[in-house]
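The sequence and the structure come first.

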Amino acid sequence: MKLTFRWYGLNDSIPLAYIREIPSLSGVVTSVYDVKPGEVWPKESLQVLKEACDNKGLKMEVIESIPVVEEIKYGGENRDHYIEVFKENLRRVAAVGVKCVCYNFMPVFDWVRSDLGHVNEDGSTSLSYSEKELKKYDPHNLHLPGWDESYSLDELSRLLSIYQGMSHEELFNNLVYFLNAISSTLEETGINMAIHPDDPPWDIFSLPRIASKEEDFKRLFEAVPNSHNGMTLCVGSLGECKENDVVKMADEFSKEGRIYFAHLRNIRYEGDGFVESGHETADGSLDMAAIVEALVKNGFDGYVRPDHGRNIFGEQGKPGYGLFDRALGCTYINGLFEMAERKKKEGK
Ligand code: DNO
């Protein structure tokens, strides 16, 4: 596996120099943040990021994300234009050495939490989710914690009304349309597309979500068999739903060669939702060692990163993306892989 760390570009409060000091790190996962979704990424912006990484000996082979604009998701009349833009961005990132693109197909909202400052017993703080708390929010007048509020309230209402009544089937067909339309560019550039699971993996605010359960991914790989069509195994997101057997999914989809990227973080079921725990198995509800063992058993050699860390050691980091707990996550992940790989070599 290739261990990576998410870096929000030159404006990230965590400098690349610190990231470079994390043991056994191969590179960073980043994106272009200075253009609006649906626009072509300037080559210069990519070059600046690439040079910054090169200077620190870090690879820049994963982009998270090239945003998929709503018009593509709901199948609007301009979707072909936006798909062309997406294809051009794929060519541009490939030109600077990118091999994997993480994206999501969640209507309107990306990840959603009801609390960004849940206080844990040990004094650290985490992101958390309670179904009851989420229900208190009015989707038409929404100020969700951590959500970047990139839409005005009018725009949000317009989007919500467009999606009203949209079936899962329709959304799925729009995803298939999108992936088929970019297929030749994936062949040409060699880029692997890694869809991020819905987070949480169920419908929210009556919006359909279609990348939540094992069957959703199976169906997607059957509908678009192109080998560049794969997934980000975000074990935290998938594991938020108790019905998802994440170890089985890690095993099954890595065996099929569909996992290009893995987000390894743990969650703990609590109340009517979950809390994002430390990465370790003992701190949460997911069996991290078994997940890594399944990946290693099947020869997984994709990208891995720690995910949403707690705020610890007094850090006031970007929610989920401080330095300290994610760095601890890295050393834990390194340990799990070292042990799993050794056991595999020794035939145990
Ligand atoms: C949250 C992230 C997501 C992810 C996108 C991918 O912390 O895992 O925002 O980057 O869903 O498009």
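## Backbone exceptions and the ligand shell

Ser65 lies in the loop that runs between E3 and helix H3 (70-74). The model is a predicted one. The peptide bond that leads from Glu64 into Ser65 is cis, with omega near 0 degrees. Both Glu64 and Ser65 also belong to the set of residues that surround the ligand. Sorted by class, the shell around the ligand consists of three nonpolar, five polar and two charged residues.

A cis peptide bond is also found from Asp199 to Pro200, again with omega near 0 degrees. Pro200 sits in the loop between strand E7 (192-195) and helix H8 (214-223). Another backbone exception is Ser24, which is not a glycine but has a positive phi of about 60 degrees. Ser24 is placed in the loop between helix H1 (16-20) and E2.

## The barrel

Eight strands, in the order E1-E2-E3-E4-E7-E8-E9-E12, close into a barrel with parallel pairing. On average, and with direction ignored, neighbouring strands of this sheet are turned by 30 degrees against each other.

One of the strand pairs can be followed in detail. Strand E2 (residues 27-30) and strand E3 (residues 59-64) run parallel and are joined by three bridges. Within this pair, Thr30 stands opposite Ile63 in E3. Helix H2 (residues 43-55) packs on the sheet and touches E2 and E3. The direction of H2 makes about 135 degrees with that of E3. Helix H10 (residues 246-255) packs on the sheet as well, where it touches strand E8 (229-234) and strand E9 (259-264). For H10, the angle with the direction of E8 is about 155 degrees.

## The open sheet

The model also has an open sheet of four strands, ordered E5-E6-E11-E10, and here the pairing is antiparallel. Strand E5 (115-119) and strand E10 (267-270) are the edge strands, each of them pairing on one side only. From one strand to the next, the twist averages 40 degrees.

Inside this sheet, strand E6 (residues 125-130) and strand E11 (residues 273-276) run antiparallel and are joined by three bridges. Ser128 stands opposite Val275 in E11. E11 is also paired with E10, in the antiparallel sense and over four bridges. In that pairing, Glu270 has Gly273 in E11 as its bridge partner. E10 and E11 form a hairpin that has two residues between its strands. Gly271, in the turn of this hairpin, has a positive phi of about 55 degrees.

## Helix packing

Two packed helices are described by the angle between their axes and the distance between the axes. The table gives these values for two helix pairs.

| Helix pair | Angle | Axis distance |
|---|---|---|
| H4 (residues 79-95) and H7 (residues 168-189) | about 20 degrees | 10 Å |
| H11 (residues 288-297) and H12 (residues 324-345) | roughly 50 degrees | within 9 Å |

H4 and H7 pack at an angle of about 20 degrees, which makes H4 roughly parallel to H7. The crossing of these two helices, H4 and H7, is right-handed. On the H4 side the contact is made by Ile83, Phe86, Lys87, Leu90, Arg91 and Ala94. H7 contributes Phe178, Ala181, Ile182, Thr185 and Thr189. In terms of class, the contact of H4 with H7 has seven nonpolar, two polar and two charged residues.

H11 and H12 cross at roughly 50 degrees, and H11 is therefore oblique to H12. The crossing of H11 and H12 is right-handed. From H11, the residues Met288, Ala289, Val292, Glu293, Val296 and Lys297 take part in the meeting of the two helices. Their counterparts in H12 are Leu336, Phe337, Ala340, Glu341 and Lys344. The residues of the contact of H11 with H12 divide into seven nonpolar, no polar and four charged.

Key
Residues numbered from 1 in each chain as written. Predicted model: local features only at pLDDT ≥ 70, side-chain atom pairs only at ≥ 80, totals over all residues. Axes fitted to C-alpha atoms, helices over the stretch in contact; angles between N-to-C directions. Parallel < 35°, antiparallel > 145°, perpendicular 65-115°, else oblique. Left-handed = near helix turned anticlockwise from the far one by under 90°. Contact = placed C-beta atoms within 7 Å. Nonpolar A, V, L, I, M, F, W, Y, C, P; charged D, E, K, R; others polar. Pairing = 2+ DSSP bridges. Near = placed C-beta within 6 Å.
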